[in-house]
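The entries are in the order I made them.

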Amino acid sequence: MSIAAKATEQLDFDAVVVGAGVAGLYQLIKLRELGLRVRTFEAASAVGGTWYWNRYPGARFDSESWTYGYSFSKELMEEWDWTEHFAPQPETERYLNFVADKFDLRRDIQFNTTVTAAHYRDDSNSWDLILHDGTHVTTRFLITAIGILSAPTMPNIPGTDAFEGQSCHTHNWPKGGVDYAGKRVAIIGTGATAVQTIQEVAKTVGHLTIFQRTPNWCAPLNNGKISKDEMDSIRARYPEILARCKETAGCYVHSVDPRKTLETPPDERNAFWEKLYASPGFGIWQGNFSDMLSDRAANAAASEFIANKIRQRVKDPVTAEKLIPKNHGFGTRRVPLETHYYEVYNQPNVELVDVNETPIERITRGGIQTTQQEYAFDIIIYATGFDAISGAFDRMDIQGVGGVRLKDAWANGPQTYLGVFVEGFPNLFMTMGPHAGLGNYTRTAEYSVEFVSGVVEYAKEKGLKRVETTADGVREWTDFVLGLGEDLLMNEVPSWMTGVNRNVEGKQVPRIMRYSGGHPAYRRHCDAIASAGYPLLAQA
Ligand code: NAP
């Protein structure tokens with residue numbers, strides 16, 4: 001059937017959700033509750049999103065497991081036991097499958113299906129989707145749940161196809177695993193993914209060569225097992241834990257210390273940092289002194305504390321200095337949490353190559369050629385990150401009113417209303433979109449899904465066929481978000497959080513990609529708008 005013919009008939013679905021990860025699964029549940037005809041399209045062969053794809057060695061949470069589960073179902077919280085404070089990927093994948101089973105979600109999910117295009121039709125106020133096999137599907141509402149770190153990028157190094165050994169990006173790690181024990185392995189990248197991979201692979205590898213462009217400030221994860229008794233105690237404290245997450249800027253359990261760094265006496269300051277360094281999770285990043293991420297001198301002092309830890313842990317002083325970031329302060333990029341990461345560099349079979357000193361010229365049939373020498377490898381691991389936040393949108397051909405492409409509309413940076421709506425793209429709602437409040441993923445995704453569900457419910461109750469943001473809505477929100485982010489040290493530094501990916505054309509310069517006013521304030525904005533009947537949305 002042609003699209004034109006289809007538009008005059010009933011639409012295939014009231015709502016389509018793209019993605020069956022953390023946000024998408026909950027979105028499906030919420031839309032079903034509204035009695036809608038919903039279909040979810042998922043590129044993978046099973047649920048999980050990030051936790052389906054990223055099965056590289058050592059992949060695990062660095063938010064506390066018991067803050068990361070869904071909170072919408074008390075029964076689910078009663079039934080699920082976490083076994084480690086920071087769960088490994090297989091456990092999280094099992095959890096999301098458990099959720100899919102419990103709520104019988106798979107019957108509305110079409111797996112192995114990529115939505116390649118989504119075109120808005122003005123005449124029918126609906127979206128035409130084109131799937132990877134050429135199938136067309138129509139829907140009133142289109143809801144993206146495509147994640148913020150789901151578009152992996154290979155390095156812009158020539159010859160990646162030439163390598164005759166085994167190679168893969170960490171995001172696309174084979175389900176059957178990779179046998180790296182005893183082999184000569186290269187890893188390119190030293191972000192959070194690489195750090196987890198390196199510390200695991202180093203345990204059994206023959207020889208490991210790490211190609212580093214920018215070192216990151218890493219801090220100990222301090223993971224531990226959760227016994228049955230401890231899990232029972234955590235379960236009893238769920239209301240308190242969730243309430244705490246609701247109060248903090250990033251929805252983690254760690255809250256900022258109100259003291260100022262340099263106003264705190266040196267001994268007290270040092271003792272506080274020592275305590276944070278020895279504690280589990282993101283406390284050292286999210287629970288540090290209140291000015292640590294806004295005051296340059298405070299940030300420099302915190303950075304020096306961590307630099308000294310690196311110097312103590314890495315035996316070779318030259319290697320230690322290479323591992324200490326020089327172009328950004330502690331916490332201004334996402335802090336990778338580690339377990340014996342720095343000690344890996346004390347192993348005789350591990351080598352650190354600084355690609356600023358000896359740039360990689362190309363990947364060869366047998367390994368990696370730098371300006372200095374050719375290295376021979378059996379395996380090359382690309383831990384080279386993602387075209388984050390807007391990248392997954394750019395990879396779909398999304399066209400709004402008048403055939404305007406979303407990618408073009410966002411060429412100078414995303415422009416949204418609340419991180420949910422885009423001008424000229426009616427009936428498109430983004431969960432966890434650019435300029436929304438981000439943080440502990442499940443905590444923030446749950447809210448995002450509930451907000452979108454509220455909009456859909458409102459449209460259903462009012463019999464609306466078209467819901468879109470006004471130009472004023474987008475202008476006001478974008479200006480507000482850009483203003484909020486201006487003085488933050490984090491927004492000066494190139495990283496995925498500022499939309500920089502040197503492997504992607506047009507993404508070389510930092511820009512403000514996230515709402516930085518803290519999640520509680522973000523929720524207050526969105527809740528007020530919902531209570532007021534969504535002013536700044538045009539409704540028809
Ligand atoms: P990333 O932080 O963007 O790191 C990518 C790494 O690859 C960087 O070290 C980058 O160097 C390097 N790289 C890229 N292209 C290169 C090239 N052409 N030549 C040399 N080096 C190159 O990506 P990621 O490590 O995958 O982490 C992304 C985010 O995912 C994390 O920050 C975190 O939010 C999330 N994550 C979460 C968990 C968890 O919760 N447990 C675990 C892993 C990741 P430059 O820095 O110089 O660009």
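The entries below cover a leucine in a loop and then a strand with its neighbours.

Entry 1. I noted before starting that the model is predicted.

Entry 2. I looked up where Leu293 sits. Leu293 lies in the loop that connects helix 11 (283-286) with helix 12 (296-313).

Entry 3. Is Leu293 buried or partly exposed? I found a relative accessible area of 22% for Leu293. Buried means under 20% and exposed means over 50%, so Leu293 counts as partly exposed.

Entry 4. Which residues does Leu293 touch, leaving out those up to four places away in sequence? I listed Trp285, Asn299, Phe330, Gly331, Thr332, Leu489 and Met490. I then checked Gly331 from that list. Gly331 is 38 residues from Leu293 along the chain, yet their C-alpha atoms are 6.9 Å apart.

Entry 5. I moved on to strand 9, residues 207-212. How many of its 6 residues are buried? I counted 5, so strand 9 is mostly covered under the 20% cut-off.

Entry 6. I checked which helix goes with strands 8 and 9. Helix 7 (residues 192-201) forms a right-handed β-α-β unit with strand 8 and strand 9.

Conventions. Residues numbered from 1 in each chain as written. Predicted model: local features only at pLDDT ≥ 70, side-chain atom pairs only at ≥ 80, totals over all residues. Heavy atoms only, no water. Helix = DSSP H or I, 4+ residues; strand = E, 2+ residues; numbered from the N terminus. Buried < 20%, exposed > 50% of the residue type's maximum accessible area, 1.4 Å probe, protein only. Contact = heavy atoms within 4.5 Å. Right-handed = clockwise from strand over helix to strand, strands pointing away.
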